[in-house]
Amino acid sequence: MTNKNPKLTYVYTLTNFYHSDVFERLMTLGSDAVVMYLMLRSEIFNTNYMIEYDISVELYVADRMLLSTAEVRAYLRQMVKMEIFDPYLLKKHHLLTSQAIQTTYMESSIKLKRKSISFPLHHILVPMNKRKEFHLAISENDPQQVVLYDVATYQKIWSRRGNETDVQNDIEEVGKALVEWTKRVDNRALKAGVKKEKKRLLILADDEKSTSENSESA
């Protein structure tokens, strides 16, 4: 998956992480879970606001922490269960991210004056109050993207739309519609794949039957 958003060299984050709810939940799993989370979060920011989770990520973490891939996977499973990482995006798109990580990425991008920051609509986890603060709105060029606009452009967008809340409701409503549409497409593809597989098996069965009949007649 390509993403043109820049990685972050510096991150603006809370200094009270070790007093946060995330830290308290991680500590119920042990100190290794805390280290693993911080390592994954660092890798995410070194990319942008998410990473694709696959065996290479497991091998990297396992090698650095002297753990087995099974242990890494078990820790991650618990973090997802606790919603420290987003369950839906990991299960559906194999993406490792969270609301807190996305919020930090957007805050840091604004303070570092990064431009041309956009996000696929169905990846957005940031709540409405933060979306207003970050001046997020659906792209005027691509309805499947959400853009982090400058203040002046954002105000023009919501003044044309009617009010700011309508702009934010659009993100939620179009996002839900896009997710449902994606599910329907996936289901049709799955059904088509099953039908093709059944047809292939029937063809093989017919071929085997034909071969058997020919050998008997011989």
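**Charge pairing and helix packing**

Analyst: E107 has a relative accessible area of 21% and is therefore partly exposed (buried is under 20%, exposed over 50%, and partly exposed in between, with a 1.4 Å probe and protein chains only). The model is predicted, so local features need pLDDT of at least 70 and side-chain atom pairs count only at pLDDT 80 or more, while totals for chains, interfaces and linings use all residues. Residues are numbered from 1 along each chain as its sequence is written, and side-chain values use heavy atoms, with hydrogens and water left out.

E107 is paired with K130 in a salt bridge whose closest N and O atoms are 3.4 Å apart; the term requires a side-chain nitrogen of Lys or Arg within 4 Å of a carboxyl oxygen of Asp or Glu. This pair links distant parts of the chain, 23 residues apart, with K130 in helix α7 (residues 128-134) and E107 in helix α6. Helices here are DSSP runs of H or I with at least four residues, and strands are E runs of at least two, numbered from the N terminus.

K130 is partly exposed at 21% relative accessibility. The side chain of K130 also meets that of E133 in a salt bridge of 3.3 Å, N to O. Because they lie three residues apart in helix α7, E133 and K130 are separated by about one helical turn. E133 is partly exposed as well, with 44% relative accessibility. Through shared partners, these salt bridges join E107, K130 and E133 into one network.

Helix α6 (residues 99-111) also packs against helix α2 (residues 31-45), at an angle of about 45° and with the axes 11 Å apart. Axes are lines fitted to C-alpha atoms, for helices over the stretch in contact, and angles run from 0 to 180 degrees between N-to-C directions. The angle makes α2 oblique to α6 (under 35 degrees is roughly parallel, over 145 roughly antiparallel, 65 to 115 roughly perpendicular, and the rest oblique). On the α2 side the contact is made by Y37, R41, I44 and F45, and on the α6 side by I101, T104 and Y105; contact means heavy atoms within 4.5 Å.

Elsewhere, R25 and D21 form a salt bridge of 2.9 Å, N to O. These residues are four apart in helix α1 (residues 21-27), which means a separation of about one helical turn. R25 is partly exposed, at 24% relative accessible area. The count of salt bridges comes to seven.
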